[in-house]
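Take a walk through this structure, one part at a time. Keep the sequence and the 3D view at hand.

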Amino acid sequence: MPDHVKISFAKLPAALEGIVVLLAAEPAEGETPVFAPAVEALLAPSGTLVASAAQADRFTGKSGKALDILSPSGLDASRLVVIGVGKVPALKSFDWLKLGGAIMGRLPASAKEVSVVLALPGGEVPADAAAELALGLRLRAYSFDRYKTRKKADEATAKPKVTLYIENDAAAKRAWKKREGIGEGVAMARDLVNEPANVLTPTEFARRAGDLSKVGVDVEVLGEKDLKKLGMGALLGVGQGSDQESRVVVMRWNGGKSEEAPVAFVGKGVVFDTGGISIKQAAGMEDMKGDMAGAACVVGLMHALASRKAKVNAVGLIGLVENMPDGKAQRPGDIVTSMSGQTIEIINTDAEGRLVLGDVLWYAKERFKPQFMVDLATLTGAIIVALGTEHAGLFSNNDTLAERLADSGLTTGEKVWRLPLSAEYDKLIDSKFADMKNTGGRFGGSITAAQFIQRFVGDVPWAHLDIAGTGMSSPASEFNRSWGSGWGVRLLDDLVARHYES
Ligand code: MN
Ligand code: ZN
């Protein structure tokens with residue numbers, strides 16, 4: 001697991017060496033940035049240096065702006081980086097995360113020892129805010145470089161030690177302990193998404209999920225024999241054109257009361273999607289190594305829940321297959337029988353994710369009788385056309401669950417937007433030859449995909465997140481420079497923390 005930054009907390013000493021990062025707010029009036037009294041004291045030996053530099057650079061403490069001063073005279077620091085946070089601010093949790101990312105982004109590549117002073121005018125920085133900022137540092141520092149053989153030599157310089165100075169360092173340390181596992185979970189999910197499919201086969205994916213046993217998650221791997229016995233004909237049909245065996249992994253974290261029904265998370269894990277016999281065009285096909293971002297998120301989430309010892313019973317299930325065309329591959333027109341007993345006519349072998357999810361959701365429902373099920377899948381290109389990369393598509397049969405997800409989306413910045421489900425849309429996937437077909441035509445493609453999945457969830461409160469636009473290849477942000485974003489770990493951890501822990 002990458003750990004590209006070492007974070008610790010301490011009380012602010014009288015003087016600081018090395019690279020020193022300070023926060024400045026915008027004044028209510030005028031142009032001079034405002035500092036906390038503790039920062040003013042720290043800067044006192046440098047006289048008017050910062051004020052004149054700010055004036056010369058027209059730095060007023062505006063959010064997103066920064067001031068960089070090399071070898072500031074009068075101070076022991078080698079460099080001062082002053083980060084603007086805007087008008088004396090009521091920064092929300094997500095703002096602190098972004099601020100952490102922005103700070104990491106301002107550090108020179110050679111940074112080894114960095115001091116960040118968490119003090120703002122107008123009151124103490126809360127411990128949770130400090131922890132969220134630390135998470136932002138950690139997420140921005142992530143890089144996937146294991147295949148860059150020439151970068152390895154200067155790896156040491158890519159691992160700065162960052163000390164966060166804060167009044168209540170003990171409380172901040174405790175808060176970070178709870179969030180650190182979330183950072184690891186996101187990094188884990190990013191790693192899985194970034195890995196190429198020649199390395200990350202279904203078997204290897206299952207093996208890596210097995211590492212969760214180190215944090216107390218019970219991991220069970222079902223092989224093709226087990227899946228055949230269970231009758232998962234829909235899932236197995238997708239994988240049958242590949243030399244790689246399909247797998248389903250069941251991860252259980254029992255942190256709640258023993259009699260309490262679990263919450264369930266289900267991920268699409270198509271380790272590579274060629275489209276099968278309905279083969280995709282060549283341009284951009286390499287991105288299809290990320291067609292397992294839903295499953296990656298579930299693994300990262302289970303890690304996060306277990307490492308912070310969440311008081312909840314949670315199960316994570318991932319369906320791992322490779323969709324390849326060969327002599328054994330399934331064809332358009334084939335009819336498969338799912339575990340639920342419902343039959344499916346395959347119209348397009350590239351609409352494979354829903355086939356995997358149908359069987360795994362049905363299995364989750366039958367075996368665990370969960371309080372709710374949330375599935376995540378890089379399911380349709382249509383969702384990118386509709387929502388771009390800002391929101392994931394949300395579909396649900398339950399308003400409470402949908403509202404909670406939308407809420408957690410706003411808190412964490414992993415936003416979701418609800419789209420409709422209805423009997424009229426559902427009709428579009430009725431088949432001439434079987435109970436249903438696996439595509440509903442050109443229009444409303446994300447909706448008909450969700451309608452398909454809904455046929456496998458019964459009455460269980462359920463939400464489907466279409467993350468094709470957010471899970472991979474999403475635009476860079478303050479706290480993410482990785483192709484695989486690890487999207488959904490923070491969203492679902494927040495959902496659990498706020499509503500489902502006893
Ligand atoms: Mn596909
Ligand atoms: Zn796919």
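What follows moves from the metal site to strands and a helix.

This is a predicted model, in which local features need pLDDT of at least 70, side-chain atom pairs count only at pLDDT 80 or more, and totals for chains, interfaces and linings use all residues. Residues are numbered from 1 along each chain as its sequence is written, chains are lettered from A and ligands numbered from 1 in the order in which they are written, and side-chain values use heavy atoms, with hydrogens and water left out.

Start with the metals. Donors here are N, O and S atoms within 2.8 Å of the metal (3.2 Å for Na, K and Ca); water is not among the atoms, so sites may look incomplete. Buried means under 20% relative accessible area, exposed over 50%, and partly exposed in between (1.4 Å probe, protein chains only). D350 counts as partly exposed because its relative accessibility is 23%. E352, at 1%, counts as buried.

K268 (NZ), D273 (OD), D291 (OD) and E352 (OE) coordinate the zinc ion (ligand 2) at 2.0 to 2.5 Å. D273 bridges the zinc ion (ligand 2) and the manganese ion (ligand 1), which lie 2.9 Å apart. Both K268 and D291 are buried.

Next, the strands. Helices (H or I, at least four residues) and strands (E, at least two) are DSSP runs, numbered from the N terminus. Two strands pair if DSSP finds at least two bridges between them. Strand 3 (residues 66-70) and strand 4 (residues 77-87) run antiparallel, joined by five bridges. One bridge partner pair is A66 with I83 in strand 4. The two strands form a hairpin with six residues between them, and S71 in the turn has a positive phi of about 30 degrees.

Another sheet is open, with three strands in the order 11-12-16 and mixed pairing. Strand 11 (335-337) and strand 16 (436-437) are its edge strands, each pairing on one side only. Strand 12 (residues 343-345) pairs with strand 16 in the parallel sense over two bridges. Here E345 stands opposite K437 in strand 16.

Finish with helix 5 (residues 169-194). Its 26 residues should span 38 Å at 1.5 Å a residue, and its end C-alpha atoms are 35 Å apart, which agrees. The expected span is 1.5 Å times one less than the number of residues.
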